[in-house]
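Dear colleague,

Please find the structure below.

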Amino acid sequence: MNDAAESVVVISNDAPGAVTVVRSLGKRGIRTIVASDSPRSPAFDSKYCDERVMLPSPYTDLLSYRDVLLDLAARPSVKAIAPVREEDIYVLAKYRDEFAEHLNVVWPEMETLARAHDRVELVAAAERAGVAVPDTELLTDVDDWDRRLIAKGRYGILTNHYVADIPPTESRSMPKTQYFQPNQPPDTDALIDRMGHVPIVQEYVPGTEYTVRALYHEGEPLFSTQKALRRGFKYPRGPSVYHEAVDIPELWDAARAVLDELEWHGLASVGFIGDEETGEFKLLEINPRFWSSLPCDLHAGVDYPYYYWQLATGDTGPFDPPYRPGTASHFLRGELVHLLSVATEEYAFVDKPSLARTAGTMLGSMVTQPHFDFLSLDDPRPFVRDCLNAVPGR
């Protein structure tokens, strides 16, 4: 393919979303430049990957990571950058003016991103918008442990912008969520040390996890979709491995209220928990980038990467994608991890499901919903690479 052809930079991690962007745009004749800090990134193995670029690690050299992306953005042929993780969107927003010299900006300003990344500020924005949230406090403010509580990172990413003692050249991924037994408060200092900052503590809300995905242009939604998490990496929830496209008007109303409050611009995946006791949709987080379960949207008829490309190249719509709720998709390796979680793990105040029933339900869903995140007969090598990546030593 001609190096001068209009190109997109797809920043790639190990999740299915990056591969989906490459496949979507590559099939349309758009030249794809896959950039990753891992030589084992599945998107590198896609037949739709036209060029491979190695990035420095954003965890140890965040500023060089930024500089390589700026160099790519400065190529005359490059018209868009597709972010897939928090480090990507953080760099794009933090240095928005520099990137705007070369590209149409399709991501939020840093001030807006910080309000989404900081879950304390996000809770406040949701409350102003009239949207329900789980009870949320900083760890150091909690004095009642006679409840079902979890601790999670306060921020979507840990950088110097949020935590002063982190060097500006580094970023850190968020630590795992911790579940607490009622009346068993943690060692606060040890937890802060493990998390790398003062985390938030939230009530555990039983129910189904949902996300609303949307593409916004300067505060106005262009279109949206929704996903229900049917199985996660861990049996209490975790990242989604079996996901179903749904259409719940009240869920969109809640997501739009928050995004409107933030005057959003660009991609957003807004996470909620459907409280099984009250019926409310309670806001959990906003991911301001392409999401891992993106294949579910494409199987359901909505090609987010292409509409993102159109917006980045100056087309603001209107867009009217043929959305098909009820379509579901599987992340096959994640399904096996889910089974392993059922077989070997225990979580406080979360009942463990039957292993046999879980396996039967899983197999049945693969028959009725034969759609997959990585697996594609047209482009099989990313699926093979993802499987190899799961083998120790490969």
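The second largest pocket is lined by 25 residues, and those nearest its centre are Arg230, Tyr235, Pro236, Asp351 and Pro353. A pocket here is an open set of points on a 1 Å grid over the protein atoms alone, with protein on both sides within 12 Å along at least five of seven lines; a cavity is a set where a 1.4 Å probe fits but cannot get out, and lining residues have an atom within 4 Å of a point. Two or more lining residues come from each of β9 (207-217), β10 (220-234), β11 (237-246) and α12 (355-368), with β10 giving the most, five. Helices (H or I, at least four residues) and strands (E, at least two) are DSSP runs numbered from the N terminus. The space in this pocket is about 570 Å³, a volume being the space filled by probe spheres set on the points, which are joined across faces, edges and corners. By class, its lining has nine nonpolar, seven polar and nine charged residues; Ala, Val, Leu, Ile, Met, Phe, Trp, Tyr, Cys and Pro count as nonpolar, Asp, Glu, Lys and Arg as charged, and the others, Gly among them, as polar.

Please note that this is a predicted model, in which local features need pLDDT of at least 70 and side-chain atom pairs count only at pLDDT 80 or more, while totals for chains, interfaces and linings use all residues. Residues are numbered from 1 along each chain as its sequence is written, and side-chain values use heavy atoms, without hydrogens and water.

The structure holds one cavity of 30 Å³ or more. Among the residues that line the largest cavity are Trp107, His265, Arg289 and Tyr308, and its lining has eight nonpolar, two polar and one charged residues.

Zero disulfides (pairs of cysteine sulfur atoms within 2.5 Å) were found in a search of the whole structure. Cys49 is in none, as the nearest cysteine sulfur, that of Cys387, is 19 Å away, too far for a bond. Cys49 is buried, with a relative accessible area of 8%, whereas Cys387 is partly exposed, at 34%. Buried means under 20% relative accessible area, exposed over 50%, and partly exposed in between (1.4 Å probe, protein chains only).

Finally, the protein chain has 13 helices and 14 strands. Of its 394 residues, 55% count as buried. The C-alpha atoms fill a box of roughly 65 × 50 × 45 Å, taken along the principal axes.

Yours sincerely
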